[in-house]
Structure formats: structure tokens, C-alpha cells
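Before reading on, please look over the sequence and the model shown here. The paragraphs below are meant to be read beside them.

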Amino acid sequence: MPRKLLLPYKSAFSHFRAPRGLHDSLAMNAARSGYRVFSANSTAASTELAKKITERLGAELGKSVVYQETNGETRVEIKESVRGQDIFIIQTIPRDVNTAVMELLIMAYALKTSCARNIIGVIPYFPYSKQSKMRKRGSIVCKLLASMLAKAGLTHIITMDLHQKEIQGFFSFPVDNLRASPFLLQYIQEEIPDYRNAVIVAKSPGAAKRAQSYAERLRLGLAVIHGEAQCTEQDMDDGRHSPPMLKNATVHPGLELPLMMAKEKPPITVVGDVGGRIAIIVDDIIDDVESFVAAAEILKERGAYKIFVMATHGLLSADAPRLIEESSIDEVVVTNTVPHEVQKLQCPKIKTVDISLILSEAIRRIHNGESMAYLFRNITVDD
């Protein structure tokens with residue numbers, strides 16, 4: 001018995017032609033399945049980086065309104081559909097850190113409830129990153145902030161030069177910790193004419209690894225300043241020393257623990273030769289500049305004839321511009337992860353390196369599902 005030839009199934013609706021309006025709607029939905037870039041800042045000065053990133057991407061900033069009400073509450077309104085899209089929130093951190101954090105949290109939650117597919121936070125300088133260790137009767141605020149961001153709806157974070165790389169472990173979602181060092185190294189090579197006669201300086205032993213990385217890449221010498229007058233972060237008490245020992249504390253008669261000797265800082269010394277050379281101090285954050293000013297004075301006394309300070313995040317709080325202007329520092333070079341245009345007007349020694357290129361490329365690669373390895377080429381664990 002011959003077998004029947006199975007013909008393709010013909011639906012009863014195969015002759016149905018969708019209305020023109022429906023085709024337009026489907027095309028519009030397909031176009032919307034891309035990505036959008038929003039800025040969560042309520043101040044114009046803080047949106048400059050977001051504008052540079054969108055210009056490089058050939059995109060426009062998403063339509064939203066972020067403002068503070070008269071009672072101080074933050075309000076965020078999303079003015080366009082974000083359903084099914086990858087949303088990137090660019091949030092630079094101005095001086096009012098807590099307001100910026102609330103703006104980011106509220107915008108992320110607004111996008112989450114608007115059915116965005118993925119919400120990626122682009123936070124070049126991650127706030128509270130210095131509070132990433134347990135202090136006496138304190139808290140790890142950085143971990144708290146990581147939990148709040150996850151709860152608000154973020155699914156990914158792009159940041160730059162975290163103060164401690166271990167902060168990435170606080171998050172329950174991926175974190176891309178980009179590096180600004182290629183841009184700062186390029187600045188040294190192109191803007192410091194006699195950089196071959198320079199020496200890379202760590203202003204404390206804790207910054208020696210970063211300085212060593214710069215020195216090895218530039219094939220320069222290394223110097224370390226040891227014996228600072230003020231306590232460094234590594235010397236502060238952590239939770240293992242809490243509660244403090246009391247003179248009249250009750251001790252078990254059979255328990256005799258060895259007493260930890262108190263630290264005593266030696267006189268300030270410079271390990272390495274800086275005489276007749278350009279001194280380049282490198283660090284990740286420059287906030288209160290007193291330690292940098294003191295380091296510059298020491299280097300000047302040791303014979304350095306020009307002093308540069310290179311840092312990723314230029315917070316430059318309080319009287320930093322005035323102190324820099326009156327100090328022996330010749331130039332402070334920072335990136336635009338943090339807005340500091342006002343400080344530049346107060347101190348012409350402050351120079352800016354633009355890092356919008358690497359942030360825009362990270363956004364493009366994450367949206368397209370491409371590998372991020374190219375952005376981390378030649379980056380080692382100690383960088």
C-alpha cells in the first residue's frame with residue numbers, strides 16, 4: 001500500500017494577513033529590545049560622563065527625571081518604555097554621596113518594576129569602598145550597600161579600581177572591576193617629556209604593589225615612603241581587637257595570653273633614590289590631600305625636582321584644591337570617574353584624563369554578549 005506524502009500543515013489562519021498597524025507594532029518592539037542608557041544624577045555637573053559615554057555609543061540618554069522634593073525626598077520618573085531591554089544606569093558620585101546612592105537605588109527599582117530585562121549599574125567610583133573592613137564596634141558598610149543594590153534590582157555592575165578587590169565578593173551578581181592605569185600610563189608617556197628620568201613613588205607601604213606595577217610597565221625605578229606620622233588604614237583596629245582590653249578586667253586564672261606589642265612608627269624615610277629625578281606618586285583615591293602634601297615635602301627634601309600625583313578617583317574634598325595649590329606638588333592627574341570641575345577652577349594644577357572610552361566599550365560588550373577579556377589584557381592580580 002503506497003505511503004501518503006505528508007504535506008506541510010496549513011493553518012486555518014495561514015491566509016490571515018496582519019494589519020499594517022500590528023506589523024509596525026512588532027517592528028517597534030523589535031527595535032526596543034536593545035538597550036538604553038540612563039543617568040541617575042539630579043545635578044547637571046554629574047551627568048557629563050554619561051553624555052560622553054552615550055556620544056561614543058552613538059546613543060541618546062534615556063528620558064527620565066530625577067529631582068529632590070522640598071522635603072528632601074528623592075523622586076525618579078521614567079519617561080519611556082524599558083520593557084524587555086538592557087538598561088545601563090550611569091551614576092557618578094558627587095560630594096553628596098548619600099543622595100547619589102538613593103538616586104541609584106530608586107531608579108534601579110523603578111526600572112525593575114517597569115519590566116526591564118537587565119539592569120546594569122555603571123558606577124565608576126563605588127561609594128563607601130573604604131568601609132570594606134570590620135572596625136571596632138563598626139560595620140562593613142560596603143557589604144550593606146551591595147545588598148541594597150541587589151535588592152533594588154541591579155543584575156550587574158561596572159566599576160573602576162575598587163579600593164579593595166575583595167569587595168567584589170560582597171555582591172551576589174557579576175562585577176566588572178575595570179582599570180584606569182592604561183590611561184594614566186599613557187598620560188605619563190605623552191604629557192611628561194622627561195618621564196624616563198622619573199621614579200614611581202608609593203606614599204605608604206600599602207600602596208607599594210600599585211606603584212610597583214606602574215614602575216615595571218614604564219621600566220622605571222621604585223621608591224617607598226615609610227614612617228608616616230598618621231595611622232594608615234592597615235594600622236586601624238579591626239573587629240578582632242574588640243572589645244578593648246580593660247585594666248581591671250576579670251581574667252581566668254589559668255589563661256595567660258601573650259601580650260601584643262604596640263606599634264611604633266619609625267622616623268619618616270624614603271626607600272629608594274629620588275635625587276635629581278621626577279617623582280610620580282600613584283594611588284587609587286585622592287581625597288584628603290594632607291598625606292600627599294606631606295609626601296611631596298619629603299620628596300622635595302630628598303632632591304626630587306618635580307612631583308606629580310596620579311590617582312584614579314579625584315574626590316578632592318574640603319580644602320584639597322587650596323592645599324594642592326600651596327604645596328610642592330606640580331600637578332595632580334585624576335580621571336573623570338568623579339566630577340571635579342569646581343576643584344579645577346580653584347586649582348589649575350589639577351588635570352583630568354577621560355576614561356569614557358573603556359566604559360562605553362564595556363557597555364557595548366556586555367549588551368552584545370561579548371567577552372570582556374580584551375579590556376583586561378595584560379592586567380595581573382596585583383594591578
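Predicted model: local features only at pLDDT ≥ 70, side-chain atom pairs only at ≥ 80, totals over all residues.

Residues are numbered from 1 along each chain as its sequence is written, and side-chain values use heavy atoms, with hydrogens and water left out.

The secondary structure comes to 10 helices and 14 strands, where helices (H or I, at least four residues) and strands (E, at least two) are DSSP runs numbered from the N terminus. Of the 383 residues in the protein, 45% are buried; buried means under 20% relative accessible area, exposed means over 50%, and partly exposed lies in between, with a 1.4 Å probe and protein chains only. Among the contacts in the protein with a separation of 6 or more, 69% are between residues 24 or more positions apart, a contact being heavy atoms within 4.5 Å.

Consider next an open sheet, in which 5 strands follow one another in the order 1-4-5-6-7 with parallel pairing; two strands pair if DSSP finds at least two bridges between them. At the edges are strand 1 (35-39) and strand 7 (175-178), each of which pairs on one side only. Neighbouring strands of this sheet are turned by 15 degrees against each other on average, direction ignored, with axes taken as lines fitted to C-alpha atoms, for helices over the stretch in contact, and with angles running from 0 to 180 degrees between N-to-C directions. Within the sheet, strand 4 (residues 86-90) runs parallel to strand 5 (residues 118-123) and is joined to strand 5 by 5 bridges; Ile89 has Gly121 as its bridge partner in strand 5.

Helix 4 (residues 141-152) has 12 residues and spans 16 Å from its first C-alpha to its last, close to the 16 Å expected at 1.5 Å a residue; the expected span is 1.5 Å times one less than the number of residues. The buried residues of helix 4 are Val141, Cys142, Leu145, Ala146, Leu149 and Ala152. They cover an arc of only 145 degrees around the axis, which puts them on the same side of helix 4, the arc being that of the directions from the helix axis to the C-beta atoms. An α-helix has 3.6 residues a turn, so residues three or four places apart point the same way. The cover over the buried residues of helix 4 includes helix 3, strand 5 and strand 6, and just after helix 4, Gly153 takes a positive phi of about 125 degrees.

A search of the whole structure finds 13 salt bridges, each a side-chain nitrogen of Lys or Arg within 4 Å of a carboxyl oxygen of Asp or Glu. One of them links Arg117 with Asp86, with the closest N and O atoms 3.1 Å apart. Arg117 lies in the loop between helix 3 (97-113) and strand 5, and Asp86 lies in strand 4, so the pair ties together parts that are 31 residues apart in sequence. Arg117 is partly exposed at 47% relative accessibility, whereas Asp86, at 5%, is buried.

Arg322 takes part in salt bridges with Asp319 (3.4 Å, N to O) and with Glu326, where the closest N and O atoms are 3.3 Å apart. Glu326 and Arg322 both lie in helix 8 (residues 320-326), 4 residues apart, about one turn of the helix. Asp319 is partly exposed at 43%, Arg322 is partly exposed at 41%, and Glu326 is exposed at 56%. Elsewhere, salt bridges that share partners join Glu361, Arg364, Arg365 and Glu370 into one network.

Finally, Val293 lies in helix 7 (residues 290-301) and counts as buried at 18% relative accessibility. Leaving aside residues up to four places away in sequence, Val293 touches Leu323, Ser327 and Ile329. Val293 and Ile324 are 31 residues apart in sequence, while their C-alpha atoms are 7.0 Å apart in space.
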